[in-house]
Amino acid sequence: MQMVISIVERGKGSAFAAYFRTFQLPLHIYAAGRGTVASHLLDTLGFATEERDVIISLGGRQPVRKLMRHLHDEDRSKLGTRGIACSVPIDGMSAALAAGLSTKQEEAAEMQQKQTNRHSLILVAVNQGYTDVVMDTARAAGAKGGTVIRARWTGAEPVEHFLHITLQSEKEILAIVASHRDRNAIMESINREHGLTSDAQAAVLSLPVEAVARLD
């Protein structure tokens, strides 16, 4: 499984996600963002406003690779927006979420790979109102802290069909940087106490972190 992070002009996110679905990437998380470029450079760069749509999409490795090839070579001028998209490998995911998104059994099995990075970024998409209790569980398993981002699901039907549940659309994303030593314990604790079939409906995944710098 891989993650695609796209940052586009405000109001273009829905069309972007619809385009992604043609590449078998059905599940997306929307969030609002704001560019940091100086206002006098916006016209030069082609942005009408500093407001952005942020789309976090999940899918199998091969569909993501095909998508990125099209974005780079064939379809970049057809989407009607400026922005950026990048793909990131996922080094851990709750089994129910992986199975719900995978079209082949071997794709879910690929998640069982050897972890070689010293740190991981754990992302937990959880129903609004459950962030504090999920963070308490993470701290008990070794997490030092986290950051909360407001967002919402779209295209969750494959996971809902697989698990026979309805996912609440309004979400909060809890971002936790953890050591390799603590990563599995944190993810397993959150999934056990607050997984997709619980009231919190937490979807847990992790991304490899190449380097970490502490800012004081």
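Which residues of H8 are buried? In this predicted model, they are Asp182, Arg183, Ile186, Met187, Ser189, Ile190 and His194. The views below begin with this helix.

View 1. The buried residues of H8, among them Ile186, Met187 and Ile190, cover an arc of only 165° around the axis, which puts them on the same side of the helix. Arg181, Glu188 and Arg192 are exposed on the other side of H8. The helix runs over residues 180–194, 15 residues in total. From its first C-alpha to its last H8 reaches 21 Å, close to the 21 Å expected at 1.5 Å a residue.

View 2. Threonine 137 lies in helix H6 and touches Ser189, Ile190, Glu193 and His194, leaving out residues up to four places away in sequence. With a relative accessibility of 15%, under the 20% limit for buried residues, threonine 137 counts as buried.

**View 3. Salt bridge between arginine 183 and aspartate 91.** The closest N and O atoms of arginine 183 and aspartate 91 are 3.3 Å apart, and the two residues form a salt bridge. Arginine 183 lies in helix H8, whereas aspartate 91 is in the loop between strand E4 (83–89) and E5, so the pair ties together parts that are 92 residues apart in sequence. Both arginine 183 and aspartate 91 are buried.

**View 4. Salt bridge between arginine 192 and glutamate 193.** Arginine 192 and glutamate 193 form a salt bridge, with their closest N and O atoms 3.6 Å apart. Arginine 192 has 57% relative accessibility and counts as exposed. Glutamate 193, at 46%, counts as partly exposed.

**View 5. Salt bridge between aspartate 53 and arginine 10.** The side chains of aspartate 53 and arginine 10 meet in a salt bridge at 3.0 Å, N to O. This pair links distant parts of the chain, 43 residues apart: aspartate 53 is in strand E3 (residues 51–59), and arginine 10 is in the loop between strand E1 (2–9) and helix H1 (13–21). Aspartate 53 counts as buried at 13% relative accessibility, while arginine 10 counts as partly exposed at 36%. The model has five salt bridges in total.

**View 6. The buried face of helix H1.** Gly13, Phe16, Ala17, Tyr19 and Phe20 are the buried residues of H1. Seen down the axis of H1, they fall within an arc of 155°, so they line one face of the helix.

View 7. The largest nonpolar core has 26 residues, and Met3, Ile90 and Leu205 have the most contacts inside it. Strand E2 (27–34), E3, helix H4 (95–101), E6, strand E7 (147–154), E8 and E9 each supply at least two residues of this core. Apart from neighbours within four places in sequence, leucine 205 is in contact with Met3, Leu58, Ile90, Gly92, Met93, Leu121, Ile122, Leu123 and Met187. In soluble globular proteins, nonpolar side chains tend to be buried together.

Key:
Residues are numbered from 1 along each chain as its sequence is written. This is a predicted model: local features need pLDDT of at least 70, side-chain atom pairs count only at pLDDT 80 or more; totals for chains, interfaces and linings use all residues. Side-chain values use heavy atoms; hydrogens and water are left out. Helices (H or I, at least four residues) and strands (E, at least two) are DSSP runs, numbered from the N terminus. The expected span of a helix is 1.5 Å times one less than its number of residues. Buried means under 20% relative accessible area, exposed over 50%, partly exposed in between (1.4 Å probe, protein chains only). The arc is that of the directions from the helix axis to the C-beta atoms. A salt bridge is a side-chain nitrogen of Lys or Arg within 4 Å of a carboxyl oxygen of Asp or Glu. A nonpolar core is a set of buried Ala, Val, Leu, Ile, Met, Phe, Trp, Tyr and Cys residues joined through side-chain atoms within 4.5 Å. Contact means heavy atoms within 4.5 Å.
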